[in-house]
Amino acid sequence: MSIPSVAVVAYEDFSPYHLSVPCIIFGDVLPGQTLFSLKVCSATSGPIHTIHGLTLNSPFGAADLADADIVVVPGWHDTSVPPSPELVNALRAAYARGAQVVGLCLGTFVLAYAGLLEGRRAATHWEFEEDFVSRFPQVNLDTYALYVDDDRLITSAGTAAGVDCCLYLVRQHHGS
């Protein structure tokens with residue numbers, strides 16, 4: 001069985017918690033047993049900073065999303081700010097070649113800005129549901145779901161639902 005590769009997108013003013021969830025779940029959590037190959041990819045070149053002033057310097061960028069089986073956008077810093085064209089193109093290309101593309105919490109906005117969710121079901125944080133619906137009326141927002149999987153486009157509701165969503169992917173690839 002091949003080891004699925006996961007690319008987690010880090011971006012300027014990211015939340016350390018949101019980034020840590022997929023890193024912990026898709027990282028080396030079982031001693032001696034690698035379940036996923038994990039890369040943290042910067043959405044921009046150069047160092048990026050958390051909302052708390054920590055700095056992340058990753059050797060991987062948006063171009064590295066091209067090789068991933070699973071691409072995860074863990075949250076987003078500002079729902080009114082679309083992702084860069086480079087990130088949008090990388091997400092579209094990843095999905096077009098068969099990758100699972102995941103938006104955790106406000107990461108759903110990034111997938112919607114990329115046009116990936118048009119005509120599909122999705123979930124996002126309850127506090128931002130009205131904002132999401134007004135920006136993306138062509139997306140069928142499920143306000144009751146913890147996470148939604150619509151043809152390899154996987155989105156989750158609030159912060160804790162991101163954990164459930166990532167565990168769903170573990171079950172999907174490796175069983176319970």
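Biologist: Why does aspartate 151 count as partly exposed?

Modeller: In this predicted model, aspartate 151 has a relative accessibility of 44%, and because partly exposed covers the range between the buried limit of under 20% and the exposed limit of over 50%, aspartate 151 counts as partly exposed.

Biologist: What makes aspartate 151 and arginine 120 a salt bridge?

Modeller: The closest N and O atoms of aspartate 151 and arginine 120 are 3.7 Å apart, and since the rule asks for a side-chain nitrogen of Lys or Arg within 4 Å of a carboxyl oxygen of Asp or Glu, the pair forms a salt bridge. The two residues lie 31 residues apart, aspartate 151 in the loop between S10 and strand S11 (153-156) and arginine 120 in the loop between H3 and S8.

Biologist: Which salt bridge do the side chains of arginine 120 and aspartate 150 form, and at what distance?

Modeller: These side chains meet in a salt bridge at 3.2 Å, N to O, and both arginine 120 and aspartate 150 are buried. Through shared partners, salt bridges join Arg120, Asp150 and Asp151 into one network.

Biologist: Why is arginine 121 called partly exposed?

Modeller: Its relative accessible area is 36%, so arginine 121 falls between the limits of 20% and 50%. Aspartate 142, at 22% relative accessibility, is likewise partly exposed.

Key:
Residues numbered from 1 in each chain as written. Predicted model: local features only at pLDDT ≥ 70, side-chain atom pairs only at ≥ 80, totals over all residues. Heavy atoms only, no water. Buried < 20%, exposed > 50% of the residue type's maximum accessible area, 1.4 Å probe, protein only. Helix = DSSP H or I, 4+ residues; strand = E, 2+ residues; numbered from the N terminus.
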